[in-house]
Amino acid sequence: MRLAEIFLGRRWWAVQVIDRMGMFAGTRKATVLIDMLMWATNTDSVEMKGFGNKRRDQILGWAIIMFNNPTATEKLARDARISEQEAFSLLLAMKEAARKVAADEGLETLLYIADESDSW
C-alpha cells in the first residue's frame with residue numbers, strides 16, 4: 001500500500017482516475033469530478049454495496065456508473081461551467097479511465113460492472 005493511499009484514501013484514487021483520463025487534476029473540470037466522486041462515496045447508497053468495502057473499489061465503482069445519473073451530468077455541467085453534452089462526455093471518459101484502473105488492479109467485479117453498464 002502506498003503512503004499517499006493511506007493518508008488520502010478516496011481522494012488519491014479519484015486523482016488516479018482523473019490522471020488516467022489525461023486531465024490535469026488542478027483544472028476546474030477535474031476538481032469538480034473529484035469532488036463528485038468524493039461526495040458519492042460518502043453517501044450510503046444501495047449501489048455502493050456491490051463495489052466492495054475498500055475505498056479504491058468505491059471510487060472506481062462510482063466513476064464507472066456515474067455516467068448513468070442525469071443529476072451528475074447536470075451538476076458537472078453547472079459546477080464546471082460546461083455544456084451538458086461535454087459533461088456527459090467527461091463522465092463517459094471517466095468510466096473508461098476507471099475501467100482501465102480496475103483492470104490494472106485486477107478487480108474483476110468492477111470490470112464486470114463496467115462491461116454490463118455498456119448496455120445501459
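In this predicted model, the buried residues of helix H4 are covered by elements that include H2, H3, H6 and H7. Helix H4, which runs over residues 55–65, is mostly covered, since ten of its eleven residues are buried.

**Helix H4**
- The buried residues of H4 are Arg56, Asp57, Gln58, Ile59, Leu60, Gly61, Trp62, Ala63, Ile64 and Ile65.
- Two residues of this buried set, Trp62 and Ala63, return below, with Trp62 among the residues closest to the centre of the largest pocket and Ala63 among the contacts of Met94.

**Helix H6**
- The 22 residues of H6 should span 32 Å at 1.5 Å a residue, and the C-alpha atoms at its ends are 31 Å apart, which agrees with that expectation.
- Buried along H6 are Ala87, Leu90, Leu91, Met94, Lys95, Ala97, Ala98, Arg99, Val101 and Ala102, and what covers these residues includes H2, H3, H4, H5 and H7.
- Just after H6 comes Gly106, which takes a positive phi of about 70°.

**The largest nonpolar core**
- This core has 43 residues, and of these Met66, Leu76 and Met94 touch the most other members.
- At least two residues of the core are supplied by each of helix H2 (10–20), H3, H4, H5, helix H6 (84–105) and helix H7 (108–117).
- Met94, one of the buried residues of H6, is in contact with Val17, Met21, Leu33, Leu37, Ala63 and Met66, when its neighbours within four places in sequence are left aside.

**The largest pocket**
- The largest pocket has a volume of about 290 Å³, and of the 14 residues that line it, Trp39, Trp62, Met66, Asn69 and Ala72 are the closest to its centre.
- Two or more lining residues come from each of helix H3 (28–42), helix H4 (55–65) and helix H5 (70–80).
- Sorted by class, the lining consists of seven nonpolar, five polar and two charged residues.
- Met66 links two of these topics, as it is among the residues closest to the pocket centre and also among those that touch the most other members of the core.

How values were computed
Residues numbered from 1 in each chain as written. Predicted model: local features only at pLDDT ≥ 70, side-chain atom pairs only at ≥ 80, totals over all residues. Heavy atoms only, no water. 1 Å grid on protein atoms, 1.4 Å probe; cavity = no way out; pocket = protein on both sides within 12 Å on 5 of 7 lines; lining within 4 Å. Points joined across faces, edges and corners; volume = space filled by probe spheres on them. Helix = DSSP H or I, 4+ residues; strand = E, 2+ residues; numbered from the N terminus. Nonpolar A, V, L, I, M, F, W, Y, C, P; charged D, E, K, R; others polar. Core = buried A, V, L, I, M, F, W, Y, C linked by side-chain atoms within 4.5 Å. Buried < 20%, exposed > 50% of the residue type's maximum accessible area, 1.4 Å probe, protein only. Contact = heavy atoms within 4.5 Å. Expected span 1.5 Å × (residues − 1).
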